[in-house]
Amino acid sequence: MKKWVFATNNQHKMVEAKQILGSFAEIVSLNIIDFYDDIEETADSFEGNALIKAKTVFDKTGFPCFADDSGLCVLALNGRPGVKSARYANELGPVDHSLNNQKLLNELQSQSDRSAFFVTVICAYGFSENPIYFRGEVHGQIATDLSGAEGFGYDPLFIPQGYDKTFAELGAIIKNSMSHRANALNKMKLHFS
Ligand code: IMP
């Protein structure tokens, strides 16, 4: 089985990637290759931030790797929080998912259009001369209340198209069959098959 480094410290993303890639590749986390640095995401695009993460890890360790940058784009908010999804409510402090969800509910209070989509861009770095990008999206609506306990981030507010429950209620098997991350990872899988 292939052994691939996933350049993330987000354990939720790691678990999802392992489930989605299954027996296609063994996913190795950053601590296994002794990488403990914090990587600053300073770009203003998903592609830019995915590249920063993957290139930083490759340059320091020499291991080909892939990184994911993701976020939630809300149409009524002109695409916000977008690349700033992690620190939407707390720009300089630690990531706080419950503050983020509360801010989103407040900003959408008087909005009838609650359409939104999640994006993941994966950058695979060190496998060939140039970085390779894979983009995945999943479209849906922002709920009016938080529901469900599974997943992470905005999952308790995101209702994917065709369902009447949030990702946090639907659980991992359904989320991983259609999510932005699954779509991007499946494109990567196809590319390297
Ligand atoms: P990053 O890719 O680590 O910068 O993550 C950006 C932020 O987007 C996360 O902190 C979450 O708030 C949000 N996010 C990304 N993917 C998901 C997901 O699958 N579910 C819910 N929120 C997500």
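Predicted model: local features only at pLDDT ≥ 70, side-chain atom pairs only at ≥ 80, totals over all residues.
Residues are numbered from 1 along each chain as its sequence is written, and side-chain values use heavy atoms, with hydrogens and water left out.

Helices (H or I, at least four residues) and strands (E, at least two) are DSSP runs, numbered from the N terminus. Two strands are taken to pair if DSSP finds at least two bridges between them. In general, strands of a sheet pair through backbone hydrogen bonds, either parallel or antiparallel. Six strands form an open sheet with mixed pairing, in the order β2-β1-β3-β4-β5-β6. Its edges are β2 (25–28) and β6 (158–160), each of which pairs on one side only. From one strand to the next, the twist averages 40 degrees. Within the sheet, β3 (residues 65–74) and β4 (residues 115–125) are antiparallel and pair over 10 bridges. Leu 72 stands opposite Phe 118 in β4.

Two helices are described relative to the sheet. Axes are lines fitted to C-alpha atoms, for helices over the stretch in contact, and angles run from 0 to 180 degrees between N-to-C directions. Contact means heavy atoms within 4.5 Å. Helix α2 (residues 46–61) lies across β3, β4 and β5 (132–142), and runs at about 155 degrees to β3. Helix α6 (residues 180–192) also packs on the sheet, where it touches β1 (2–6), β3, β4 and β5. The direction of α6 makes about 155 degrees with that of β5.

A salt bridge is a side-chain nitrogen of Lys or Arg within 4 Å of a carboxyl oxygen of Asp or Glu. The count by this rule is 12 salt bridges. One of them joins Glu 47 and Arg 135, whose closest N and O atoms are 3.4 Å apart. This pair links distant parts of the chain, with Glu 47 in helix α2 and Arg 135 in strand β5, 88 residues apart.

Arg 181 is buried because its relative accessible area is 2%. Asp 68 is buried as well, with a relative accessible area of 2%. Through salt bridges that share partners, Lys 13, Glu 16, Asp 68, Asp 155, Lys 175 and Arg 181 are joined into one network.

A residue is near a molecule or strand if one of its heavy atoms lies within 4 Å of it. There are 18 residues around the ligand, of which Lys 13, Ser 70, Asp 155, Lys 175 and Arg 181 come nearest. A polar contact is a pair of N or O atoms within 3.5 Å; within protein, one must be able to donate a hydrogen and the other to accept it, and residues adjacent in sequence count only if both atoms are side-chain atoms. An N or O atom in the side chain of Lys 175 is 2.8 Å from an oxygen atom of the ligand. For the side chain of His 180, the distance from an N or O atom to a ligand oxygen atom is 3.1 Å. A polar side-chain atom of Asp 69 lies 3.2 Å from an oxygen atom of the ligand.

Asp 69 belongs to strand β3 and counts as buried because its relative accessibility is 3%. The side chain of Asp 69 also makes a polar contact of 3.1 Å with the side chain of Lys 53. Beyond its neighbours within four places in sequence, Asp 69 contacts residues including Glu 41, Phe 46, Ala 50 and Val 119.

Definitions and conventions
Buried < 20%, exposed > 50% of the residue type's maximum accessible area, 1.4 Å probe, protein only.
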